[in-house]
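Biologist: I would like to learn how to read the ligand site and the cavities of a model. Could you walk me through one?

Modeller: Gladly; let us look together.

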Amino acid sequence: MISPDLDAPAPGRGTAPHGPAAGPATLGNREPLGLPDLFDDGFIGNPYPWLDALRVQAPVHHDPGTGLWLVSRHRDIRRVLLDPDRFLPDNAQHAVTPLPVAVLRILARAGFTLPPALANNGTASHPGLRRVVTRFFNAHRVASAVPVIERIADELLSVARARIDTTGGCDLFTSFAQALPCRVLMELLGIRHVDAATLMRWSDASLELFWGRPTPQRQLELAERVGEFHQWLTQAVRGGTAAPGSFIAALTRHRLPDGKPLDVETAVGACFFVFIAGQSTTGQLISTVLHRALTEPGLWPRVAREAGVAEAWVEEVLRREPPVTTWRRVTACTTELGGVQLPAGAQLLLMLMGSGSDPEVFAHPERMCPHRPNIRHHLAFGTGRHRCPGASLARTEAAVALRAAARRLPGVRLTAGAEEPPMLGLLSFRAPLQVAVESPGDAPVPTAAVGPRST
Ligand code: HEM
């Protein structure tokens with residue numbers, strides 16, 4: 001039986017540290033274990049005790065609920081990500097809840113396909129397509145995007161400020177965290193002829209359809225939205241009206257390794273992934289970053305005033321509580337991992353979130369220590385050939401967002417009862433769906449130093 005440390009405190013307040021991870025698991029990996037359903041509210045609310053227990057007791061564990069092999073240790077996950085020939089990315093975007101025929105029909109009517117493009121592409125076309133993406137998000141582009149991020153953050157926070165002043169409170173998830181990355185992405189990629197609210201709705205529907213556990217009725221609704229999104233992308237790619245310098249224009253100019261132009265389906269598949277990955281995940285990160293910062297005594301005023309505090313806090317949140325909690329791979333052949341013999345075609349679920357709390361890599365993983373020496377050794381953005389090309393943008397946006405919020409809303413605090421907000425709980429995505437704040441009065445930005453550096 002896998003058993004969690006039930007005395008472990010809630011996330012952010014720390015779980016009981018374990019010693020070094022146990023040796024390779026040789027048994028128990030297929031038996032019906034005590035691990036709850038991965039979509040269970042209890043697991044989503046506080047997965048830490050379970051992630052710790054898995055890592056120690058069954059680091060490569062077959063989950064009967066999803067049919068996936070859960071891989072929990074930092075070193076095993078790294079090994080998988082750095083060996084793309086043995087561990088293929090082909091299943092990265094498969095629907096975790098099977099799609100019934102009626103849903104497949106809706107998608108087929110919209111011409112929906114997801115050929116290998118980026119995250120799900122282990123073929124020779126991947127490096128070239130990836131280069132198209134990285135050109136839009138390299139260090140230079142991200143640095144020059146800072147004023148854009150600051151401007152949009154300021155605009156959104158002015159509205160939030162006004163709402164707090166008139167009604168006494170507001171939700172920083174919907175008004176700020178979720179909206180900011182979408183607006184930024186639209187500017188950086190030259191996305192036109194669609195409004196941000198629609199793009200966010202399409203993106204959220206896609207995440208829920210492919211990574212969620214929706215009911216059959218809900219699947220039908222989601223498929224309609226995803227189909228709409230796909231049709232809009234297809235038109236944008238086919239129409240030849242993409243703005244010069246836009247991401248779509250760059251894809252239409254792209255040539256495959258054999259010199260042929262990129263087909264429409266693959267260009268649409270690349271856009272589908274980037275338009276979702278580029279906004280939803282960052283919105284989720286900002287939500288967690290804000291929520292955790294507001295529950296950490298003394299942090300909010302320090303973020304507003306001290307250089308580097310926002311960046312370090314974002315990094316610790318990425319380690320301890322990343323928005324992309326898991327990622328998938330599939331074995332190309334029979335292979336051994338963590339002492340377990342896996343057949344060819346085994347579907348792996350890499351527990352990225354738990355790996356950030358692996359005591360083999362991070363001392364006192366339960367503590368938020370924004371100045372730990374190996375702060376960037378987490379796997380929140382993956383590693384190797386498919387490592388997230390948006391990492392620099394996501395980090396920058398989250399730090400700018402946190403600092404801007406702490407400066408524009410100096411006196412806010414979480415509304416009573418908002419410490420445990422409703423959570424987004426998909427197979428691979430987790431974040432607070434609400435950051436409800438109130439202002440007890442106009443508090444000036446303090447000037448005296450507060451709080452310890454390491455929290
Ligand atoms: C906090 C925000 C984000 C997190 C936690 C995150 C995480 C990840 C992870 C775990 C992967 C898979 C890595 C692997 O397979 O090794 C990935 C891939 C990817 N991400 Fe992100 N991501 C974030 C933001 C972004 C942004 C802002 C963009 C684009 C602007 C983006 C674009 C991509 C793309 C295109 C891939 C596929 C890369 C490839 O296959 O070569 N992501 N991301």
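Biologist: In which loop is C388 found?

Modeller: This is a predicted model, and in it C388 sits in the loop between α16 (352–355) and α17 (391–408).

Biologist: Which protein atom is the donor of the iron atom of the ligand?

Modeller: The SG atom of C388, at 2.3 Å, is the only protein donor of that iron.

Biologist: Which residues come nearest to the ligand?

Modeller: There are 29 residues around the ligand, and H126, R130, R329, H386 and C388 come nearest. By class, this shell holds 17 nonpolar, eight polar and four charged residues.

Biologist: And the polar contacts: which atoms should I look at?

Modeller: Look for pairs of N or O atoms within 3.5 Å. Here a polar side-chain atom of H126 is 2.7 Å from an oxygen atom of the ligand. The side chain of R329 has an N or O atom 2.9 Å from a ligand oxygen.

Biologist: Which cavity corresponds to the space taken by the ligand?

Modeller: The ligand takes the space of the largest cavity. Two or more residues of the shell around the ligand come from each of α5 (126–136), α12 (264–277), α13 (280–295) and β5 (327–331).

Biologist: How do I read a cavity in general?

Modeller: Rolling a probe the size of a water molecule over the atoms shows where empty space is left. In this model, four cavities of 30 Å³ or more are counted. The volume of the largest cavity is about 750 Å³. Its lining has 40 residues, and F273, A277, W327, C388 and P389 are the closest to its centre. The elements that each give two or more residues to this lining are α5, α9 (196–211), α12, α13, β5 and α17.

Biologist: Which element gives the most to the lining of the largest cavity?

Modeller: That is α12, with five residues. Sorted by class, the lining of the largest cavity has 28 nonpolar, nine polar and three charged residues.

Biologist: How many residues line the second largest cavity?

Modeller: It is lined by 14 residues, with F43, T325, T326, L426 and L427 nearest its centre. The second largest cavity contains about 160 Å³ of space. Both α1 (41–45) and α16 supply at least two of its lining residues. This lining divides into nine nonpolar, four polar and one charged.

Notes. Residues numbered from 1 in each chain as written. Predicted model: local features only at pLDDT ≥ 70, side-chain atom pairs only at ≥ 80, totals over all residues. Heavy atoms only, no water. Near = heavy atom within 4 Å. Polar contact = N/O pair within 3.5 Å; in protein donor to acceptor, adjacent residues only side chain to side chain. 1 Å grid on protein atoms, 1.4 Å probe; cavity = no way out; pocket = protein on both sides within 12 Å on 5 of 7 lines; lining within 4 Å. Sits in = over half its atoms within 2 Å of the grid points. Helix = DSSP H or I, 4+ residues; strand = E, 2+ residues; numbered from the N terminus. Nonpolar A, V, L, I, M, F, W, Y, C, P; charged D, E, K, R; others polar. Donors = N, O, S within 2.8 Å, 3.2 Å for Na, K, Ca; no water. Points joined across faces, edges and corners; volume = space filled by probe spheres on them.
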